[in-house]
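Trainee: Could you take me through one part of this model in detail? I would like to look closely at the cross-links and ring contacts.

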Amino acid sequence: QVQLVESGGGLVQAGGSLRLSCAASGLTFRYYDMAWFRQAPGKEREFVAGISWSGGRTNYQDSVKGRFTISADNANNTAYLQMNSLKPEDTAVYYCAARIPTLVRYTYWGQGTQVTVSS
């Protein structure tokens, strides 16, 4: 049974930082692409950042480029999202997701962690 468990969310002032973690179990972590999505109240869920299974490629939503960094620790089956220079518009529930690289859609999802940025 595949499980993705996010942690690290919370309340932070604008300009602050948070690091989200996604602990994976039930899958061979290093063979999966990993990503972070977010969903703000009243909005569609959106892609934030992704990292390829090999770790060689990362991509980001334009609004977070230069502020967020995605990484993966294969030894600990954990993905991370380092978020710096946070803005109130970054407030959302953040979800971790995983997919086999040959698929387009992400197959496995975590339960989400709330990030709230105050102005």
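How many disulfides does the count come to, and what surrounds that topic?

Mentor: Happy to, and please keep in mind that this is a predicted model. The count comes to 1 disulfide. Cys22 and Cys96 are the partners, with an S to S distance of 2.0 Å. Their link is left-handed, at -75° about the S-S bond. Cys22 belongs to strand 3 (residues 18-25) and Cys96 to strand 9 (residues 92-99), so the bond ties together parts that are 74 residues apart in sequence. Cys22 is buried at 0% relative accessibility, and Cys96 is buried with a relative accessible area of 0%.

Now for the rings. The structure holds 4 aromatic pairs. One of them joins Tyr32 and Tyr108 in a tilted arrangement, 6.3 Å centre to centre with 55° between the planes. Tyr32 sits in the loop between strand 3 and strand 4, while Tyr108 is in strand 10 (residues 108-109), 76 residues apart. Tyr32 is buried at 13% relative accessible area, whereas Tyr108 is partly exposed at 29%.

Another pair, Phe37 with Tyr106, is edge-to-face: the centres are 5.4 Å apart and the planes make 75°. Phe37 lies in strand 4 and Tyr106 in the loop between strand 9 and strand 10, so this contact ties together parts 69 residues apart in sequence. Both Phe37 and Tyr106 are buried. Together with Phe47 and Trp109, Phe37 and Tyr106 form one aromatic cluster.

Finally, look at Arg45. Its charged end sits over the ring of Trp109, 3.8 Å from the ring centre. The charged end of Arg45 also sits over the ring of Tyr95, at 5.7 Å from that centre.

How values were computed:
Residues are numbered from 1 along each chain as its sequence is written. This is a predicted model: local features need pLDDT of at least 70, side-chain atom pairs count only at pLDDT 80 or more; totals for chains, interfaces and linings use all residues. Side-chain values use heavy atoms; hydrogens and water are left out. A disulfide is a pair of cysteine sulfur atoms within 2.5 Å. Helices (H or I, at least four residues) and strands (E, at least two) are DSSP runs, numbered from the N terminus. Buried means under 20% relative accessible area, exposed over 50%, partly exposed in between (1.4 Å probe, protein chains only). Rings of Phe, Tyr and Trp (its six-membered ring) pair if their centres lie within 6.5 Å; planes under 30 degrees apart count as stacked, over 60 as edge-to-face and the rest as tilted. A charge sits over a ring if NZ of Lys or CZ of Arg is within 6 Å of the ring centre and within 35 degrees of the ring normal.
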